[in-house]
Amino acid sequence: MAAATQHPFSAIKGKKVLMVGAGGIGCELLKTLALSGFQDIHIIDMDTIEVSNLNRQFLFRQTHVGQSKAKVARDAVLRFRPQISITPYHANVKDPEFNVDFFKQFHVVLNGLDNLDARRHVNRLCLAADVPLVESGTTGFLGQVTVHVKGKTECYECQPKPAPKTYPVCTITSTPSKFVHCIVWAKDLLFSKLFGDKNQENDLNVRSGDASSSSGHSEDVFVRKPEEDIDQYGRRVYDHVFGYNIEMALSNEETWRNRNRPRPIYVRDVLSAALSQQNGDMENTKISDDPLSVSAMVSLGLKNPQEVWSLVENSRIFLEALKLFFSKREQEVGNLSFDKDDQLAVEIVTAAANIRASSFGIPLHSLFEAKGIAGNIVHAVATTNAIIAGLIVIEAIKVLRNDTSSYRMTYCLEHPSRKMLLMPVEPFEPSKNCYVCSETPLLLEINTQRSKLRDVVEKIVKAKLGMSLPLVMHGAALLYEVGDDLDEIMVAIYSANLDKVLSELPSPITGGTILTVEDFQQELSCNINIKHREEFDEEKEPDGMILSGWTQALTTENNKNSSAGNGTSTSSQAVPIETVVDDELEILSGETATLHSGKKRKISDSSKASNTSFEEKSKRKADELELDSPIVVLEGSMEKDNGKKKRLQ
């Protein structure tokens, strides 16, 4: 009771806080921490400021583009709170310097991250260092804040987490690493710039290293000049977006310090002068009178939409599609928006995405695959970020006061439910089945006579368990390890082990074997019981192995009686549509966001009445979310759990 009755700001004095992330939530959070009286704040963020950040990350200005987010945020806050200490780190939180000992110096860690992998990493370091963690995330009008204290509440990984299906805008515009990033860039930036409303703001032209001057170079690049030949216009646009813009991005050395550098691509590098002039055959090729059926593939004689085009073919498709838009559909130019049923639109987006992917070393995809990947962007809302930042600070103060009974996980809703937009719920005790915080053994069903150690390391240890620097042991035998301190002989041995069948390893792995996997950086260790299994269903079990005992995301098979959370078909053959959002998005659970009162989360004292009515309204609210916001469902969804969970007492 003493902790609960002390003045809230007395708990702040002398406390050291670590913030991870200085983006949309991070800017608001740093400002709120400083204004709330926190005196010693450390910030980690590896990103640099992009023009697209400026509409909501209010600590940044145009002159800051290309600079470190963490450092600029520090300087901005010190201008109105010069007496406090703020230490920035322009680095990746997964770097070796941010180890358990580093985390132990802090009293609380506050997350404003944009990806699942980093969140899991920070969760594990906080558990190892015994430091409380306050998690957060926003997507549009939705947001959440959750509290994770070792031994008192469930950890971040006690509840199912899906594979990431959302991506930061700055990644799309500057540092794509997946093909979906290239698709969204081509669809929502390039296509809109070429064929949409010319008055609509679009930061496609402005690069981080050229914020002040590039607009002068590219101000009219997307406007066709009077009497300009369509082929010349197409080549000019091509050279600008795939060549010049990439060169401008490369001028910011800081961005590429820990990333693979892209290569600029110009028409002259891909197509001969004769080929680029000749390109398609519009006159001799029969093209449908239906505008939506006009096709660059038909014009170029390409027939198979499931075939992956080469860079040359993608370049020809891009130039031909652009020519067809201006020659066959000129009246529509300036008013078009992307439509997946528009053949020519899909073709130019696929080609542009593939050319960009080639520049960044990303595998190319077929038109069929690209059409399936095309998804939606959920834009950030600055007000939601501010609300969530305030809630983070409230929970941080409770943690510092050791006011366990007052901890709340708060969900910010888009529409009122029982006249509430903020839904506070009580956290749970740690899950006894969590392999991260409860050290529960896992079970892996696998064909030990066919599968290789590489399959286990890549598909299980790294992909599912999220270990960054794994070590794999069978008894006293060390089968695999990664690290900078290994000599060449050991690296060669471990590399050879990866390509060996499990049953043929120096210490054979068979049914009944117990593997120990560890990550020294995360100070995480768990045991995996091996069960040999001969056959797997190729459609339902494509990995050829099944891991049990970990908090995996609910699959469409589990969810077959409800509509798909991401708005796509639940067929196993469907290409998942991935939603793209802004920098501070939390990847939210794949189950619908129904808040079952009294089932999984307990509503706070102010909202215990009318449970049945609340549950019905919440269910309707979940249905609205499914229809209006594909994939946008609350993390740690509140599905029924048969009463097995215990609430905090």
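Select helix H7 (residues 179-195) together with helix H14: the two pack at an angle of about 125°, with their axes 8 Å apart. Here an axis is a line fitted to C-alpha atoms, for helices over the stretch in contact, and angles run from 0 to 180 degrees between N-to-C directions. That makes H7 oblique to H14; angles under 35 degrees count as roughly parallel, over 145 as roughly antiparallel, 65 to 115 as roughly perpendicular and the rest as oblique. The crossing of H7 and H14 is right-handed. A crossing is called right-handed if the near helix is turned clockwise from the far one by less than a right angle, and left-handed if anticlockwise.

Show the side chains next. On the H7 side the contact (heavy atoms within 4.5 Å) includes Phe179, Trp185, Leu190 and Phe195. On the H14 side, Ala345, Ile348, Val349 and Arg356 are among the residues that take part. By class, the contact of H7 with H14 has 15 nonpolar, 1 polar and 2 charged residues. Ala, Val, Leu, Ile, Met, Phe, Trp, Tyr, Cys and Pro count as nonpolar, Asp, Glu, Lys and Arg as charged, and the others, Gly among them, as polar.

A note on the model: it is predicted, local features need pLDDT of at least 70, side-chain atom pairs count only at pLDDT 80 or more, and totals for chains, interfaces and linings use all residues. Residues are numbered from 1 along each chain as its sequence is written, and side-chain values use heavy atoms, with hydrogens and water left out.

The crossing of H13 and H14 is left-handed. Among the contact residues are Leu311, Phe318 and Phe325 of H13, and Leu344, Glu347 and Ile355 of H14. The contact of H13 with H14 divides into 13 nonpolar, 5 polar and 1 charged residues.

Now go to helix H3 (residues 69-78). Of its 10 residues, 7 are buried, so H3 is largely enclosed by the rest of the structure. Buried means under 20% relative accessible area, exposed over 50%, and partly exposed in between (1.4 Å probe, protein chains only). The buried residues of H3 are Lys69, Ala70, Val72, Ala73, Ala76, Val77 and Leu78. What covers them includes helix H2 (24-36), strand S2 (40-44) and strand S3 (85-89). Helices (H or I, at least four residues) and strands (E, at least two) are DSSP runs, numbered from the N terminus.

Turn to the strands. Strands of a sheet pair through backbone hydrogen bonds, either parallel or antiparallel. Two strands pair if DSSP finds at least two bridges between them. Select strand S6 (residues 142-148) and strand S8 (residues 409-417), which pair in the antiparallel sense over 3 bridges. Gly143 has Cys412 of S8 as its bridge partner.

Which residue in the hairpin of S8 and S9 takes a positive phi? Arg418 does, near 55°, and the hairpin has 2 residues between the strands. Arg418 is not a glycine, and at 25% relative accessibility it counts as partly exposed. For a second case, select Asp130, also not a glycine, with a positive phi of about 60°. Asp130 is in the loop between helix H5 (116-129) and strand S5 (133-139), and at 52% relative accessibility it counts as exposed.

Next, show the open sheet of 6 strands, with the order S12-S11-S13-S14-S10-S15 and mixed pairing. Strand S12 (477-481) and S15 are the edge strands, each pairing on one side only. From one strand to the next, the twist averages 25°. Within the sheet, strand S13 (residues 514-519) and strand S14 (residues 524-532) run antiparallel, joined by 6 bridges, and Val517 stands opposite Cys526 in S14. Strand S10 (residues 442-446) pairs with S15 in the antiparallel sense over 4 bridges. Zoom in on strand S15 (residues 545-548): Met545 and Leu547 form the covered face, Ile546 and Ser548 the uncovered one.

Finish at Pro508, in the loop between helix H18 (488-498) and S13. Pro508 is partly exposed, with a relative accessible area of 38%. Leaving aside neighbours within four places in sequence, Pro508 is in contact with His474, Leu502, Ser503 and Thr513.
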